[in-house]
Amino acid sequence: MSHQQYQSLIEVLHECMEACNHCFSSCLKEDHVKAMSECIRKDRECADICSFFEQSLTRNTPYVKEIAHLCIAACRDCGEECAKHDHDHCQACSEACRKCADECEKLVS
């Protein structure tokens, strides 16, 4: 089966990874960076998992559903953490994470 069937999910995963990376780097520039430590940690984890899932889909992994569940958990956690912060980059990341988790949910339901 071709990875083309997952093209829209691959795009959403990539967008989420980019939003998490942007949030991560922006949080490091905030005045109270220590207060952002959990957000930074979850951004990093989520970006890595989304990137891994994206790559796995392009390789036609046989573990689609298993990785999708991991991605859902990471995106939900990151999205909830980012939603706690008023920064534009956190709010944008939260939205990207919610969208990604929702797309992954469609795959496993």
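Me: Which helix does Cys-75 lie in?
Reply: Cys-75 is part of helix H3, residues 64–83. Helices here are DSSP runs of H or I with at least four residues, strands are runs of E with at least two, and both are numbered from the N terminus.

Me: Where do the numbers come from?
Reply: This is a predicted model, in which local features need pLDDT of at least 70, side-chain atom pairs count only at pLDDT 80 or more, and totals for chains, interfaces and linings use all residues. Residues are numbered from 1 along each chain as its sequence is written, and side-chain values use heavy atoms, with hydrogens and water left out.

Me: Back to Cys-75. Buried or exposed?
Reply: Cys-75 counts as buried because its relative accessibility is 1%. Buried means under 20% relative accessible area, exposed means over 50%, and partly exposed is in between, using a 1.4 Å probe and protein chains only.

Me: What does Cys-75 touch, not counting residues up to four places away in sequence?
Reply: Leaving those out, Cys-75 touches Cys-16, Cys-46, Cys-50, Cys-97, Cys-100 and Ala-101. Contact means heavy atoms within 4.5 Å.

Me: And how many Å separate the C-alpha atoms of Cys-75 and Tyr-63?
Reply: Those C-alpha atoms are separated by 18 Å, and the two residues are 12 apart along the chain.

Me: New topic. How many salt bridges does the structure hold?
Reply: There are nine salt bridges. Each one is a side-chain nitrogen of Lys or Arg within 4 Å of a carboxyl oxygen of Asp or Glu.

Me: What about Glu-38 and Arg-41?
Reply: Their side chains meet in a salt bridge, at 2.5 Å from N to O. Both residues lie in helix H2 (residues 37–58), three residues apart, which is about one turn of the helix.

Me: Why does Glu-38 count as partly exposed?
Reply: Because Glu-38 has 30% relative accessibility. Arg-41, at 43%, also counts as partly exposed.
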